[in-house]
Amino acid sequence: MEGKDGREGQGFGEPFFSFWQAQPAHPTNKVLILFVEVCVKTLVKLGRAYPWEKPKQCPKCQSVRLWGHGYVEAYFDEAASQSVLLKRYRCPECGVVLRLRPKGYWQRIQARIETVRQNLLDRIEKGRWPPNSNPPRQRHWLRALKRQVRMRLGMSYAERLAEGFSELLSLGVCAVSRAV
Ligand SMILES: [Zn+2]
């Protein structure tokens, strides 16, 4: 189950994400998230029939054998209130579980990264949230961003939140995560 943060947005350039990222919430479970090109709306439409592309090898041990390992349900703004099924694979050699997730999203955040960024930039630069937005959720993002910036980048970034957001993004850190 995913978090309840986020709104739909537009596409996002993708120089920021490496192919996979460790899942910080379960460091001992050997779960890796693989960010892949996948259209959320098509996922809704096709469900289990979606033709997931199997990773070429295990990112951990390089084994080329990977087995299907079922699906997990996830929610995205783009899919409204419908859940989508995200494919998992398991490496029989090292036991790692790979969870595929659409590029352009952070874990547990239902909004696209670009949407989160745009909302926060509006608030930081213009002093107000964009129209038709969801201020409670966005206030949460802003609080979380301030905390992440302070904890991970230091006080010198306290007045440079937009820069801090980009910096965290390039580090592969969810800039609006509650967990530090
Ligand atoms: Zn492996």
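## Core, strands and confidence

Q: Which residues have the most contacts inside the largest nonpolar core?
A: Ile 109, Val 116, Leu 145 and Val 176 do, in a core of 27 residues. A nonpolar core is a set of buried Ala, Val, Leu, Ile, Met, Phe, Trp, Tyr and Cys residues joined through C-beta atoms within 7 Å. Buried has a cut-off too: 20 or more other C-beta atoms within 10 Å of the residue's own, against 12 or fewer for exposed and a value in between for partly exposed, with C-beta atoms placed from the backbone.

Q: Which elements give two or more residues to this core?
A: They are helix H1 (40–46), strand E4 (83–90), strand E5 (97–102), H2, H3 and H4. H3 gives the largest share, four residues. Helices (H or I, at least four residues) and strands (E, at least two) are DSSP runs, numbered from the N terminus.

Q: Why is this core said to lie between domain 1 (20–102) and domain 2 (113–170)?
A: Both domains give residues to the core, so it lies between them. The domain bounds come from an automatic or database domain assignment.

Q: What rules apply to reading this model?
A: It is a predicted model: local features need pLDDT of at least 70, side-chain atom pairs count only at pLDDT 80 or more, and totals for chains, interfaces and linings use all residues. Residues are numbered from 1 along each chain as its sequence is written.

Q: How do you know how confident the predictor is in the protein?
A: Look at pLDDT, the predictor's confidence in each residue, from 0 to 100. The protein averages 85, and 84% of the residues score at least 70. The mean is highest in E4, at 96, and lowest in strand E1 (residues 20–22), at 49.

Q: Where does pLDDT stay under 50?
A: One such stretch is residues 1–20, for which the model has 58 contacts beyond four places in sequence. Another is residues 22–28, with eight such contacts. A contact means two residues whose C-beta atoms, placed from the backbone, lie within 7 Å. Where pLDDT is low, the predicted coordinates should not be read in detail.

Q: Why is Gln 82 called partly exposed?
A: Gln 82 has 13 C-beta neighbours inside 10 Å, so it falls in the partly exposed class. This residue is in the loop between strand E3 (67–75) and E4. Gln 82 lies 7.3 Å from Val 44, C-alpha to C-alpha, though they are 38 residues apart in sequence.

Q: Is Arg 143 buried or exposed, and what makes it so?
A: The count is 12 C-beta neighbours inside 10 Å, so Arg 143 is exposed. Arg 143 sits in helix H3. Its C-alpha is 7.9 Å from that of Val 176, 33 residues away in sequence.

Q: How does the span of helix H2 (residues 113–126) compare with the expected one?
A: The expected span is 1.5 Å times one less than the number of residues. H2 has 14 residues and reaches 20 Å from its first C-alpha to its last, close to the expected 20 Å.

Q: Which residues of H2 are buried?
A: Ile 113, Thr 115, Val 116, Arg 117, Asn 119, Leu 120 and Arg 123 are. The buried residues pack against helix H3 (135–153) and helix H4 (161–170). Just after H2, Gly 127 takes a positive phi of about 80 degrees.

Q: What makes E3 and E4 a pair?
A: Two strands pair if DSSP finds at least two bridges between them. E3 and E4 have seven, in the antiparallel sense. Ala 74 stands opposite Val 84 in E4.

Q: How many bridges join E4 to E5?
A: Three, and these strands also run antiparallel. Arg 90 stands opposite Val 97 in E5. Six residues lie between the strands of this hairpin, where Gly 95 takes a positive phi near 85 degrees.

Q: In which sense do strand E2 (residues 31–36) and E5 pair?
A: They pair in the parallel sense, over six bridges. Phe 35 has Arg 101 in E5 as its bridge partner.
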